[in-house]
Structure formats: structure tokens, C-alpha cells
Amino acid sequence: MVRRTAWLVVLLAGACGDPATEAPAGKAGAPLFVEVAAEAGLNFVHENGATGKYYLPELMQGGCAFLDYDGDSFLDVYMVQSGRLPPDPGTDPGGNRLYRNDGDGTFTDVTADAGVGGRGYGSGAACADYDRDGDVDLYVTHLGPDVLFRNDGDGTFTDVTADAAVGDHGYSSSAAFLDYDADGDLDLYVCNYVDWFPEIERDCFSRGGLRGYCSPAVYDRPQLDTLFRNDGNGRFTDVSVEAGIRASAGTGLGVAVADFDDDGDTDIYVANDQMPNNLWINNGDGTFTDEALRRGCAVDEDGRAKAGMGVATEDPDDDGDWDLFVVNLSGETNTFYRNAGEGHFSDATHELRLGMVSLPFTGFGTSLFDFDCDGHLDIFIANGKVRLGDSMREGDYGEPNQLLRGSASGVFEDVSAQAGPALALGEVTRGAAFGDYDNDGDVDILLSNNDGPARLLRNEACVGRHWLTVDLACPDRDRHCIGALVTLEAGGRTRRRQVQPAYGYAASNDPRVHFGLGEIASVDVLTVTWPGGRTERHIDVPADRILRLTEPGGTEAGP
Amino acid sequence: MSRRRWRLLGPGLAVGMLVAGGCDAPRPAPAVPVFQEPEPMDPDVARAIDDAVAAARANPASAGAFGRLGRIYHANEFYDLGARCYAIAARLDPATPDWPYYLGVLAAERGRGDEAEARFREVTRLTPGYAPAWARLGDLLLVRGEREEASAAFDRYLALEPGGPWGLVGLGKIARHSGRLDEAAELLERALDVEPEHRQAAYLLGVTYRDLGRPQDADALFARFAETHTSFAPPDPWIERMEQEATGAFGLMRKANALLRAGRHEEAEALYWEILSRRPDEYTAVVNLGQVCLVQRRFDQARALWERAVELRPVEPHGHYGLALTLLATSRFQAAETELNEVLRLDPAHAGARQQLRKLHDEHGARLGGQP
């Protein structure tokens, strides 16, 4: 039974219009995405601090986040700056930027008022309500000490890194909040990359003698990741050793969390750069075991450890388990690991036609999402080289980004050419955050370009199609109920999504769950499985709305 | 231009060409692909390229000259220039299969599936007896999701190379993807029988056993996979010929490292010395040579090399660790302890150093302190 309360109402203008039979994606001939960063007021320009010394971190940085820091139901934007290299966190002014969404398609830089400029050489961001006070906090990863900004609920943040004891000193890339011990508060997993400092930098050359950036394997110093347990009192404890995740060091760049083996607790997958990936299976007793190799997701089907950058997990084949998509280096294919049940994976890259399209490019940010609201998950890949290409021109690392459309058959089709000029900019894109910043029912894309301007790709592809966005709130847990599951039954299909904003590369994404519905104007059954395991069902849910549900009681609000 | 080609041209175009110079006009010499923006380059590579460019300019009708230049570019990772040279060579001599083969390899590596397939099909038509072309065509078709055609290509490979692991693994993958797990297991087992060091086959067979409900067999294969560090490279003479053109120090380094991984220590050592004769401070060559000498129990030479590595890059734990192992092997325990402690200072997570130090203390703890 669905109870109505006045928790919050967000009535959306009918941006998707009337349902149309077999409506094409987007307006005829119009681009699927339009780049609007400048007109929206996002004037951030990333600086990598390159001085010609080919320091490894220069080319890896570029993180960003969609988060609703002020609770007005519009996604705000956080861009992570890098700056001088080697960094001096003690003296370097913070260059990160927080942009408040004004609700009219534009943003205002509120960094100074919010106090989140940060310090040091930034990598990425993770966003969640770790202190369960109803607002979203911000964790920023760095080459060097990371920073936790606690949201004070009044538009300002306080740097509580020292008090919270989460200042990981490694070279951190991506991070994820998750409740691994199911105690109701959010713990924190931090991926670390290479134990890098300027003195270990090497001179690396192509066979022909062209100077370039070294691959991480050259340093032979993979760095251990860190797991922080939330003690529930504003402090965290580093439990990496006792949890077992220090059993192997990896060059971690991307992290995805889900219950991959379907045993009721949250597991952790880490994409490593030129090393086998890790699948940390949660043993249910506070410890983890890396089972990636025997479960078939450490290496590709040829047994090769690829250059894992970003990773996304979803269930595009609707079989009720979490598949993995990892993006890799040019010359390697990206890899789709299909979960055949209980966390046993097989490399299905070629079967899904994801191999050939990925060979020319080096992927970083990525997502499995339904860009055109046709009911099938698609793929976006943010690309940018890490080694010189054919032009052999110094600094020429740009590549076009890619959009691959999913289908009922499971096969993906490269539709980048139809997406419009926004995808063909040829920049060095690293982080990509996905979310509906204008609340019009489709998923937009925020891009962080290494040593370049931020981009905001406004989605124009859902015209004439239905959708449903589910926004969960857990007043007794975290604001967005991270770890909750949303199952949707409509049109004879059952689809499942989880609430987890951490995926891709160095990014935090819209925590709301988005479903494209195509021609379906009403959902038969919507089931929410709250983080504690309790479930509730909603019958005949109308489409084209942001549905807000609050635990406990399954409170529905809306038009 | 041939008579046949003339017949293919439309009359209007023919008239136009006659006006422009007539059928007897010599075809313009192809422009030799060269760097537009010179970059710092290994001097040996630069010299090889200059010589090959001069040869191509002097022999503009020579497919061999352009093809050789293409191989030099290709081997030294100037792929676009290599492809342009191969294309000219292929145009000058359409009957030689090497050039479309290299073009196919480059196209396949860059995700240009249509072009790669066309090139490999051209090669198999020109030289049906060159087995690697069939295997590469099979690999490509498999990536493109064309299982039936891929299977046919691997069959052709196996007809030329009976029992060849390249073909067996290809067919094994197809069988796996088609759900024929028993058949896949049988093919992969055969590949491993032929080539026990075939990591790819070991891994795939492990996954297949797992899917067949044979977890113990699977775990044994995964362990074998994890312990096998050599990589199996199927023979491909044309590619090997191209690789020979990587004559610069960095090209030699790649070759030497590959030989080292394959356990071919003597060949690797010769290349590392060659590299050091050109670049005496090349850290990787010093370290890997130290490794070779240590494995071969040439401890004096190993120690000198590891000390040189530490001198070159004192912040690298690897050099200290190699030196420590060499000192341990020659019973210089106190010096070894110092080096192991230095490794752990630089890399507290260094499991090997921690293990060696524990073993050292267990076995020789009482003697430490008095050791010179």
C-alpha cells in the first residue's frame, strides 16, 4: 500500500511531452546532447601543472561530481582541481569549485561561501551523507592527503578530515561510500593508484625514442587501497588490514560496489591499471577476499590484465545480477563482464559488439545508463589518450567521447556520430558524472577535461519517451539510502537498479535512480528494497515524474 | 595503366586524362611519408629512417623500398606513417601479400574492422598458405562477433598448422561463446598439451571448468595461470621480420624484456648489454641484467649491477631488494639486512623484503651484528 505524505513534492514540467508511439530518440536531426557549460555558468578550467617533466599524475587527473548539497532537489556541480605539481598541500590555494544549481539551467559559483576550495593536487570526489544528518557531504581524493568536507546544512562545509581520520595519504583516485558492515552508516573505500612522488619519476620513451608518460607498470609500486569503517560518531577507523583488503596492492583507478555474489552484503570491485582487477567478496564478518580471478573478472578472456580505468555496474540484461563494464587503454578492448549468477563472470565483450569500437580509444569515465529513455541501458565513455598518438605532436592527447546505444538483443551500437558535436570535441576527458541536472527526466553528463574546460552535455534524446526517476530518502540512515534497490516491473520486463552514486572514474553521480520507459506511461509494480532489507511495493505508478519515497513507510509524494 | 583498367574508366574521364597528359604520362612518384614535426628520436632509429626515406625517394616505383620504410616506422611505433608507406607499397605491387597483411594488423589494432577484414581476406587470397593470416582473420571475426566465419578461418589455420594452439584456442573461444563447454574444454586441453606455457589457454580452460561445475580443476588451472609468467607468442614470421626493424635502444629493451619474460635469459642478456653500450645509465637494463645474473648465480656480476642500480635510483626499493638477495646468496647477512630494511623503509608493504628479513632473523639472528 502506498501512503501519501507531504515529504516533498517535485512537480516537473512535462518536458517529455505526450507519449508517442515508436517515437524516435531526440528531435529529428537534432543532436542527442548539447554542450552548455559556458551558458550555464560552469567556467571551470582544470590545470594539471604540467611542466614538461612528464610526471605521471599530470595526465590522470580530472574529477567531478553531481550532488545536491543544498537539498533543493537540483543537482549542483563540484569540479576537482589539480594545480601545481609537485603539490604543497600546506600552501597551495585550493582550486576546486562548487557551483550551485539555480534551477533555471544556470549555476553560480559558491565555492568561497561554501568553503570547499580544498587544498592540494585533487583527483576525484565521492559524495554521501556519512554523518546521517540529512545532507550530502563531500570527500575529495588527492595525490597526497584526502579531504572530507562535512556539510553543515547551511550552505557551508567544514573540513573535518583530521577529526574523521580519513586523510588517506596515498595517491587516491576514485572513492565510494558503502555500508559494508550493514550497521546503518556509510563506510568509505578509497582506491589508491601508484606510490608516486617526484623522485621516482622515470624517463620513458616509445620504441622510436619519443618522450612520453610512463605506464604505471614501470614504477612497480602499486599502492594499497584503504577501507575506512564509519564508527558512527563522526570518526572513521582504518580497517584495511583487518578487513583483508591489504592482501594485494593494485593500481586502483575505478571502483564499483554492489552485491555481486547475491548473498546479501556489499562487495567491492576495483579496476586496476595494467594489473588484474580485484573483486573483494564480502565474507559477511567484516573481512573480504579477492576472488576476481576465479570468478572471471580479473582479466579478459585472453588472460590479459588490461589497463582498467573507470568501471560501471548495472544489470543491462535484466537477469537480476550486477554486470561490470570496465574501460581500458587504446589497443585493448573495453571489457564487459557478464554476471552469470552468484558473482561468476564471463567476458562477453565481443558478443555485445563492444570490442572493436573501443580499440582506438583510452577510456576513463563511463556509465551504463538509458540516455534515450528507450528502456535499454546505453554506454557513455569519456576518452583521452595517455600516450602519444599518430600525430606525434606534443600534448596531443585528445580523443572524442563515445555513446553506444543498447538494444533489446543486448548488442550495443556506436551512435557517437549521431550524438552531435558535443561528443566530437576531441578533448582529454577523465571524470564524467551522470545526472539529471535540469530535472527534465533524462540523464545529462558533466565532463572533467584534463588541463581543459569543464563540459556539460545537456541531454536532448528523450523527447517523446517516458521515464521515471526514483529519489529515496532514509532519515535514519543517509540522505539517499545508498545500497537500496529499486525494482521496476513494466511492459513484461523486470528491471533492477541500485542507489550508488560512486562509479566511473573519479566521479560522483546522481544518486537518484532513473528508468527510461519508452512507450510505457505507467509502471505496473515498483519495489523498493531499503538498505535494511525491508521491501515495499507500489502499484500502477505513473511515469514522467521524480518519485520521492522515504523510509520507513514508503512515503510517496508527487503529482 | 593496363588495357583492362582503361576499359573500366568512363569515356569522359578517359578524355580528361588524355588532355591532362595522356596515357603515356608517367605516374607521379608517390610522396615519401616523413615527419611533419620532427621530434627528438633515438639516433639509431633516426638513421634507419633517413636511410629508408632516401631509398624510397631514389626508387619511387619500388614497393620494397616503401614497404621497408613502412616496417621501420611500424616497428618503432610510428603507426600512421607505417600504414601510409604500406599503402603505397601495396599500390605499387598489388601481388605481394606482406603489405596488406601489415595494413590489416594495424587496422585491426585500431578498431577499423572493415578495413582489417578486407586486408586479411586479400592476404588469404594472395597467399592461402600463410597460416597466421587465417588466425588473424579468425581473431578479427571473433571480435566482430562473426563466430561461424571465425570458425572457418581457424579451421583453415589448423589445416595448415595441425594442432596449432592459436587455432585451438580460437575454436575453444567460439565453442565457449556458443555454450558448447565440453567441446571448448577439449580444444583448450589440446592447446595446453601442445603448449603448456600457454597462459591464455590455461585461463580460459579454468573458466570453462568452472562453468562445467569442476571447481577443483578450475582452481588448479587458475593457480597455473597465476604462476605462469612467460607468455606464449604464436609464430608469425612476417611480424617477426617487421619487429627486427626496432633497432633503437628502446626497441631493443622491449625485445629484451619479452625474452626475459619468456625465460630466454641468454638472448635477453645480450640485448641488455647492447642497450647499456648505447645508454649506460638505463636503469631497467641494469636491473634486469642483475636479475639474469642472480638467477644464473653469477653473484659478483649481479652484485655490481645491483649496486649500480642503487646508485642510479636510490629511492627504488627494487634495486635494494635485488642487492639484498645477492648479498644473502653470498652469506653477507648483515649487509643484506641493511638493504632489506632500506627496502621496507622505501616500501613498507614490500612482502618479499619482510619475508626475507624474517627468514634472515630466524636463521641467522644470533650472527647478525658481528657480520662485516
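Reply: Start in chain B, where α15(B) passes α17(B) in a left-handed crossing; left-handed here means that the near helix is turned anticlockwise from the far one by less than a right angle, while clockwise would be right-handed. Keep in mind that this is a predicted model: local features need pLDDT of at least 70, side-chain atom pairs count only at pLDDT 80 or more, and totals for chains, interfaces and linings use all residues. Residues are numbered from 1 along each chain as its sequence is written, chains are lettered from A and ligands numbered from 1 in the order in which they are written, and side-chain values use heavy atoms, with hydrogens and water left out.

Helix α15 spans residues 249-261 and helix α17 residues 283-295 of chain B, and the two pack at an angle of about 25 degrees with their axes 11 Å apart. Axes are lines fitted to C-alpha atoms over the stretch in contact, and angles run from 0 to 180 degrees between N-to-C directions. Helices are DSSP runs (H or I, at least four residues), strands likewise (E, at least two), numbered from the N terminus. The angle is why α15(B) and α17(B) count as roughly parallel (under 35 degrees; over 145 is roughly antiparallel, 65 to 115 roughly perpendicular and the rest oblique). On the α15(B) side, Met253(B), Asn257(B) and Leu260(B) make the contact, and they face Thr284(B), Ala285(B), Asn288(B) and Val292(B) of α17(B). Sorted by type, these residues are four nonpolar, three polar and no charged. Contact means heavy atoms within 4.5 Å; Ala, Val, Leu, Ile, Met, Phe, Trp, Tyr, Cys and Pro count as nonpolar, Asp, Glu, Lys and Arg as charged, and the others, Gly among them, as polar.

Chain B has another pair to set beside it. Helix α8 (residues 131-143) of chain B packs against helix α10 (residues 165-177) of chain B at about 20 degrees, with axes 10 Å apart. That makes α8(B) roughly parallel to α10(B), and their crossing is left-handed. From α8(B) come Pro132(B), Ala135(B), Arg136(B), Asp139(B) and Leu142(B), meeting Trp166(B), Gly170(B), Lys173(B), Ile174(B) and His177(B) in α10(B). This contact has five nonpolar, two polar and three charged residues.

Now hop over to chain A for two asparagines. Asn459(A) sits in strand β31 (residues 455-459) and counts as buried, at 1% relative accessibility (buried is under 20%, exposed over 50%, partly exposed in between, with a 1.4 Å probe and protein chains only). Its side chain reaches the backbone oxygen of Phe371(A) at 2.9 Å, and that of Val443(A) at 2.9 Å. Beyond four places in sequence, Asn459(A) also touches residues including Leu32(A), Phe33(A) and Asp440(A).

Asn48(A) lies in the loop between α1 (37-40) and β3 (64-67) of chain A, and it is buried too, at 5%. Its side chain reaches the backbone oxygen of Glu58(A) at 3.3 Å. Among its contacts outside four places in sequence are Tyr121(A), Asn450(A) and Leu85(A). Most peptide bonds are trans.

Notes:
A polar contact is a pair of N or O atoms within 3.5 Å; within protein, one must be able to donate a hydrogen and the other to accept it, and residues adjacent in sequence count only if both atoms are side-chain atoms.
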